[in-house]
Amino acid sequence: DAQLVDVSIAKSILDETSRALQSQGLHCNTEHEYPIVPDTDGQLNVPSNCVKIDTSGSTSDVDAIAIGADGDVVQRGTRLYDRKKFSFTTFDGTYYVDMVLLLDFSDLPEHVKRYITVKSARRFQGRFMGSDTLGGFSEKDESEAMVYFEQCEAQTEDNNMLLDNYDVSKIIIRGAPRRAVR
């Protein structure tokens, strides 16, 4: 059935667009200084829906120094790996991470859903229908949805220069990590 194929393709494009946008790091799907504790084997496990993670500190000053300038901790699968010590099991104490999580479409705020939907519809129309006159969404519609999306993101981020949680580069480069003063 051609309709089922079209629905399957449209769903695939929707998922692809959602993943690409969320992977940049949005206000709604980014956790800053999130505490994680090693399991009984000394491994740091990260959520399976985590697409980007970076350590931002530890409760131990010695570990914080190791992870800081000299440390090299990366995500491998659903665990963190210490590239300097060549091990998954060298972690001790609570570590703080900045991470980006993929959320289900239904858990996203309305402005994010709208932008993803319009962008996906335009992509579907462009890839499979091939006619601007047949398509329901144009580049102008996508541009308007993107402007609204970016305005809503800026409003919900609660940036404040006085609290030192305002990062000018975030305006230019979507998804730049932001540090809040505690």
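The legends below describe several close-up views of a predicted model.

Residues are numbered from 1 along each chain as its sequence is written. Because the model is predicted, local features need pLDDT of at least 70 and side-chain atom pairs count only at pLDDT 80 or more, whereas totals for chains, interfaces and linings use all residues, and side-chain values use heavy atoms, with hydrogens and water left out.

**View 1. The protein chain and its 5 helices and 5 strands.** Helices (H or I, at least four residues) and strands (E, at least two) are DSSP runs numbered from the N terminus, and in that direction the elements follow the order α-β-β-α-β-β-β-α-α-α. Of the 182 residues, 33% count as buried, where buried means under 20% relative accessible area, exposed over 50% and partly exposed in between (1.4 Å probe, protein chains only). Among contacts (heavy atoms within 4.5 Å) with a separation of 6 or more, 70% come from residues 24 or more positions apart. The accessible surface, computed by the Shrake-Rupley method with a 1.4 Å probe, comes to about 11,200 Å², with 52% of it belonging to carbon and sulfur atoms.

**View 2. Helix H1 (residues 2-23) with Asp15.** The end C-alpha atoms of H1 are 31 Å apart, which agrees with the 32 Å that its 22 residues should span at 1.5 Å a residue, the expected span being 1.5 Å times one less than the number of residues. Ile13, Thr17, Ser18, Leu21 and Gln22 are buried in H1. Seen down the helix axis, the buried residues of H1 fall within an arc of 155° and so line one face, the arc being that of the directions from the axis to the C-beta atoms. Their cover includes strand E5 (95-101), helix H3 (110-129) and helix H4 (139-156). Asp15 counts as partly exposed because its relative accessibility is 39%, and its C-alpha atom is separated by 8.6 Å from that of Ser120, 105 residues apart along the chain. After H1 comes Gly25, with a positive phi near 95°.

**View 3. Strand E5 and its pairing with strand E1 (residues 30-36).** E5 is largely enclosed by the rest of the structure, because 6 of its 7 residues are buried. E1 and E5 run antiparallel and are joined by 5 bridges, two strands being paired if DSSP finds at least two bridges between them; Pro35 has Tyr96 in E5 as its bridge partner.

**View 4. The largest nonpolar core, of 12 residues.** A nonpolar core is a set of buried Ala, Val, Leu, Ile, Met, Phe, Trp, Tyr and Cys residues joined through side-chain atoms within 4.5 Å; this one includes Ile36, Cys50, Val73, Phe91 and Met99. Strand E2 (50-58) and E5 each supply at least two of its residues, and E5 gives the most, with 4 residues. Leaving aside neighbours within four places in sequence, Cys50 is in contact with Gln75, Met99, Val100 and Leu101. Apart from this core lies another, of 9 residues, among them Leu21, Tyr115, Val118 and Phe149.

**View 5. Positive phi at Glu33 and at Phe86.** Most residues other than glycine have a negative phi. Glu33, in strand E1, has a positive phi near 50° and counts as partly exposed because its relative accessibility is 23%. Phe86, in the loop between strand E4 (79-82) and E5, has a positive phi of about 55° and counts as exposed at 65% relative accessibility.
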